[in-house]
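The points are grouped by topic.

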Amino acid sequence: MFSIIVDWLQAALRWAAPLIVVSFGEVFAERSGVINMGIEGIMLFGALVGVAASYYLDSLLLAVLLTILVGAVLGLAVAYLTVSRRANQVVTGLMINMVSLGATDMIFAMMSETRQNRATTFPTIFPASMHDIPVIGPLFFSQPVSTWIAFILPFIAAYILYKTRWGLNVRAVGDNPKASATAGLSVIGIKYQTVILSGIFACLGGCVLSLAEVGYFSAGGMAAGRGFIVMAACVVGGWDPVRTALICLIFGAADSAQLRIQTVSSTIPYQFLQMLPYVVTIVALTIMVKHSLVPKTWGAAYDPKDV
Amino acid sequence: MNASGKSKTIRLPLLGDMAVSFGRTLLGILMGLVASGILIAISGANPFTAYGALLRGALGSRYAISNVLVRASPLLLGGIGVALGIKSGLWNIGMEGYMYLGAIGASVVGVFDLGLPSFIHIPLCFLFAMAFAAVWGAIPGYLKAYRGVNEVTCTIMLSYVAIYLTNWVVSAFPPIAEIGAFYPMSKKFADSALLPILMRGSSLHAGPFIGVLLCLIFYFILNYTPFGYQTKLLGSNPHAAHYAGVDARKQMVKIMVLGAIIGGFSGAIEVMGLNRRVYMDFVTNVGYESVAVALLAGGNPIGVIASALFFAALKAGGATMSIETGVSSSMNSIIIALCMLFVIGVGVADGRRQQKIVDNSKDDESESKELETAKGEV
């Protein structure tokens, strides 16, 4: 029983890692007033690009760099539509998701080699001998490097958001774009920066999803709603990077719990266990939301000519 | 009064504006088709041959057209469900989930031979389908209206739950599931619960015609009934709606449940008319496609008819295209989504009008703030 719990916690950290990486960017985008709903689709691209680059180019560094590039391009597309063209953010995100779902399936169909062969995954940073230390060995030292980075990111994000000038600007733009513009900030510019950032980290999160452990891409929506779960985590976490990461950890725990319970118990049909992360998300949204924390222009378009 | 008057002028663009917005939409679709053509070329097929195959597959014969109509059925119904939400400022995008629940509901009474004649058995299936979906839709409706939970995330999460629920029902729930089948599926529907085929040799059922009829009915409801007026008022100006005595929360729940009922009905039509069983994932992507249909139509029920038929033609033709030229079958959804991205990319004017209304409303007092949070993003 004890080993199952350790196993579960280890998987919880691993499953939470992609969510936390994605939330890093999304928190900034939403703080600046733009909900990037396309992160679900961008994650798919990240997962695919990661696997493809790792397999064909045989370099994790190139995989990460390519992922960043693709994420930036997709983030730019979302930023152009939602910020410059002031298109509806829900619509933009959903259509980006739809394009990504189709496009990743199409590209994956052309890369038959990656179906059978596993791509190189992120390595662990600690020597194998340390993996056997009871409890903390499997929990921490056996984690791939991506998990470690994921758990440092929220603190960096919190520092940027609360302690740097740029972070202050982001918050100002989200809460009062008109005053920010009057004070001489480029509202449009900052929104572009945050949305592109959210694209990059959504893509990286997808890469972590496919390259942290499995090394495969799977067609038909591998992200399985995780982008939307991250959006929920931002709301529940009150757009605070560290709290959002904690919520992501809870969702990751739900995700890994369903896999663990499936292996030990056959009394509950596995389909009901698979529902768990989604149900947990809805429940969390229902009971843990504080409306007072919403960025003031959350989801609204900014028109510089509006007085 | 002033506020509602203002919203009226905003919601009824001048004739010139309408022409511009129609032209923009066409331009967007054209750009989407060109961009998709480039993708087709990259994937190694000749885009002209591919689009030729698409056209033939959509309009080449009576059977092609009947195929388009069959594919239009879920798009028409899904589109009208989403459009109702858009009119009232809600994103009811869980159509996929409602369709699954509707299919389960229909199968609960549909797979058994109850000894009923068709004209009782079919409506009974529809009734169960709608009841199941209504309960499902009431969850996000209640959470949105009374707990302020964002309906986009909530409906999408519920769609995933619905998919797994269906998966369980058709693979492990003995009365309904076909145990030991090669693929998770329900038992075959009783003959008396199947929708009649309208054209010999095709799979054309009544679904698309019911869909068109419903679009017309909802056009009437939206424009000529108090319910429709309240719905539109809530969408265009929640404050005016509040002062006009509309119970925003109740109206939200009603709209969500109504959309869900339509979705459930649509799911029942799919399984009773086309598939004859409930398969594990008998619809995919319908959630996104319904949003695309409703958007292209600008939330207008009559427009839904046109855009649903257009997208259905793309999908039916796309299937032929992928068979004849080897282009991946995912190209369908890529074309639809790219068209929509270009349409929203070139169509800025309308978005700006809608946004201004929201901005005005933000200056109001606390009661309206509360409504605003309940309304969420626009």
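How many salt bridges does a search of the whole structure find over all chains? The search returns four. The model under discussion is a predicted one. Between chain A and chain B the count of salt bridges is zero, while the area buried between these two chains is about 4,500 Å².

**Salt bridges**

- The side chains of R56(B) and E324(B) form a salt bridge, with an N to O distance of 3.3 Å. R56(B) belongs to helix α3 (residues 47-59) of chain B and E324(B) to helix α13 (residues 301-325) of chain B, so this pair ties together parts that are 268 residues apart in sequence.
- R56(B) is partly exposed, at a relative accessible area of 48%, and E324(B) is also partly exposed, at 45%.
- K315(B) and E289(B) are joined by a salt bridge whose closest N and O atoms are 3.0 Å apart. Because K315(B) lies in helix α13 of chain B and E289(B) in helix α12 (residues 286-296) of chain B, the pair ties together parts that are 26 residues apart in sequence.
- K315(B) is buried, with a relative accessible area of 14%; E289(B) is buried as well, with 4%.
- A salt bridge also links E151(B) to K144(B), with the closest N and O atoms 3.0 Å apart. Both of these residues are buried.

**Interface of chain A and chain B**

- In this interface, 49 residues of chain A contact 50 residues of chain B.
- Carbon and sulfur atoms give 73% of the area buried between the two chains. M95(A), M98(A) and M106(A) supply 15% of the area that chain A buries against chain B, more than any other three residues.
- Five residue pairs are in polar contact across the interface, both residues being at pLDDT 80 or more.
- On the side of chain A that touches chain B, two or more residues come from each of α4 (89-110), α11 (226-236), α13 (270-274) and α14 (276-287) of chain A. The largest share, 15 residues, is that of α4(A).
- That side of chain A comprises 30 nonpolar, twelve polar and seven charged residues.

**Nonpolar cores**

- The largest nonpolar core has 189 residues, and those touching the most other members are L94(A), M95(A), F228(A), F189(B), M272(B), F311(B) and M321(B). Helix α10 (residues 187-211) of chain A contributes the largest share of this core, 14 residues.
- A second, separate core has eleven residues, among them A240(B), A241(B), V246(B) and A248(B).
- Leaving aside residues up to four places away in sequence, F311(B) touches L75(B), A292(B), V293(B), L296(B), I336(B) and M340(B).

Terms used:
Residues are numbered from 1 along each chain as its sequence is written. Chains are lettered from A and ligands numbered from 1 in the order in which they are written. This is a predicted model: local features need pLDDT of at least 70, side-chain atom pairs count only at pLDDT 80 or more; totals for chains, interfaces and linings use all residues. Side-chain values use heavy atoms; hydrogens and water are left out. A nonpolar core is a set of buried Ala, Val, Leu, Ile, Met, Phe, Trp, Tyr and Cys residues joined through side-chain atoms within 4.5 Å. Buried means under 20% relative accessible area, exposed over 50%, partly exposed in between (1.4 Å probe, protein chains only). Helices (H or I, at least four residues) and strands (E, at least two) are DSSP runs, numbered from the N terminus. Contact means heavy atoms within 4.5 Å. Buried area is the accessible area (1.4 Å probe) that two parts lose on being put together, summed over both. A polar contact is a pair of N or O atoms within 3.5 Å; within protein, one must be able to donate a hydrogen and the other to accept it, and residues adjacent in sequence count only if both atoms are side-chain atoms. Ala, Val, Leu, Ile, Met, Phe, Trp, Tyr, Cys and Pro count as nonpolar, Asp, Glu, Lys and Arg as charged, and the others, Gly among them, as polar.
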